[in-house]
Amino acid sequence: DISATSSFGSLPHKEDHTSTRSQPPKMNSSMASGLLLDLEGQARETDESAYARMADESGESQGPSTGKVGRALIVASSIGACGMMALAAAPEGQSVDTLPRLAVATIELSSAEAKAGTGSFACELISLFVLTSIFLYGAVKHGWAGFTYVSKMQGLPAPSFFGLISVMILYGGPLLVLYGAATTQPLAAIAGAILDLIWLLLATVLGHALPLKKCEGMEATRHSQAIQGNVSLMGFHIFLIGMQLALITKHTPIVGHFSASCNQMAFAVKEAGLCLAVYIWLKQFVQMGASGFAGVAGYFGIPSPKLMGLGAALTLLFGSLALVAAPLIPQELASTSLNLPALMSVLSAASLIVFMLFATIFGHVFPMRKSDEAAEKGFQMNCIMRNDSIIGGLMFIIVLNAPYLL
């Protein structure tokens, strides 16, 4: 969804929920999947009033509203994240080996780690909060009632149970990631990342891959772009798992006896995650190229559209390749005064963040402000949240590597 052109063309048809009890609204499986995974794309009117209205029209009860509870939980989550940042402040004299940070994969903890103060640790937690924010957004937006309704439309048994499980996953994954990073508990962070991965996989298959086979035009384009974004988020979570595998020691509960194997796996897991993370940008580079981005820049009236288009294309290509290649640089180059792997990681991630900011503002924020359609506004908000989480993954890479440049 980084292509600004995806925000234009034929708008999604707004659903009509004004029918009477004698003519209850019909919803096929594709529409239900879109509701279930609205945080991933295919916006619908999925707020609680819409659920309640559809339930009333069909003569079925949806259970208690969870809007206030959801909002209270997200506030509590934010406060909890701030509390974790405070706990993360390492006291004086604490061994650097206990800090949950590693820079690039080829570098071991060294004296450079001591330069990373508690401020960078707080930034690390903030970046992880941004990375997982899309899940919290989905939990608050839909709530238990919303996911219960969609589970019923999907024909699942015990829809209330599946609705509860959905909300627990969406809240539990991010909180476990933050808790694990703040308290140096790698297993907790890994468990949280796995929960997020499970949700992303289900969201991608049920919400986009299957509907993609049955649609065309702008709707198909949006499904395709949502899949690319989800794959990127999967990559950043796999990268996070690799980082935590490197932190497992013989004192880690349950898996301490396998610490050596976990540490050896860490590099490969991180590289696999980076390869998936850059898929979205390499895909857009191939699909659009310099001419495509120049057309987008011209549409929005950006000066020197050809130059901007060329710059965008080169940013995607070299930024992606540098992000993947940085950990592969030999140890000898990493130990010099100019830490080349860390520098490449920081510069490539920063350049991709700039691109994502432009794409989000011009491709989604402006169209959302101009649109009067509730469904279109919802779709653009989902895209903004997805891009926000991807930016969080890039922020995480910068925070991990920046201390090695100080």
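A residue is called buried when its relative accessible area is under 20%, exposed when that area is over 50%, and partly exposed in between, with a 1.4 Å probe and protein chains only. This is a predicted model, in which local features need pLDDT of at least 70 and side-chain atom pairs count only at pLDDT 80 or more, while totals for chains, interfaces and linings use all residues. Residues are numbered from 1 along each chain as its sequence is written, and side-chain values use heavy atoms, with hydrogens and water left out.

**Cysteines**
- Cys123 counts as partly exposed, at 38% relative accessibility, and Cys275 likewise counts as partly exposed, at 42%.
- With a disulfide taken as a pair of cysteine sulfur atoms within 2.5 Å, the count comes to 0 disulfides.

**Nonpolar surface patch**
- Trp144, Leu156, Phe161, Phe162, Leu164, Ile165 and Met168 make a nonpolar surface patch of about 620 Å², with accessible areas computed by the Shrake-Rupley method with a 1.4 Å probe, where for residues only the protein chains shown count as cover.
- Trp144 lies in helix H6 (residues 133-153) and is partly exposed, with a relative accessible area of 34%.

**Helix H11**
- Helix H11 (residues 279-299) spans only 26 Å between its end C-alpha atoms, whereas a straight helix of 21 residues would span 30 Å at 1.5 Å a residue, the expected span being 1.5 Å times one less than the number of residues.
- A kink of about 80° in H11 is centred on Gly289, the bend at a residue being the angle between axes fitted to the seven residues ending there and the seven starting there.
- Gly289 is also among the buried residues of H11, which include Trp281, Met288 and Phe293.

**Positive phi angles**
- Most residues other than glycine have a negative phi.
- Ala158, in the loop between H6 and H7, has a positive phi of about 50° although it is not a glycine, and Ala158 counts as partly exposed at 47% relative accessibility.
- Ile254, in the loop between helix H9 (217-245) and helix H10 (259-277), has a positive phi near 70° and is exposed, with a relative accessible area of 75%.

Technical notes
Patch = residues over 30% accessible without salt bridge, like charges linked within 9 Å, V, L, I, M, F, W, Y side chains within 5 Å. Salt bridge = Lys/Arg side-chain N within 4 Å of Asp/Glu carboxyl O. Helix = DSSP H or I, 4+ residues; strand = E, 2+ residues; numbered from the N terminus.
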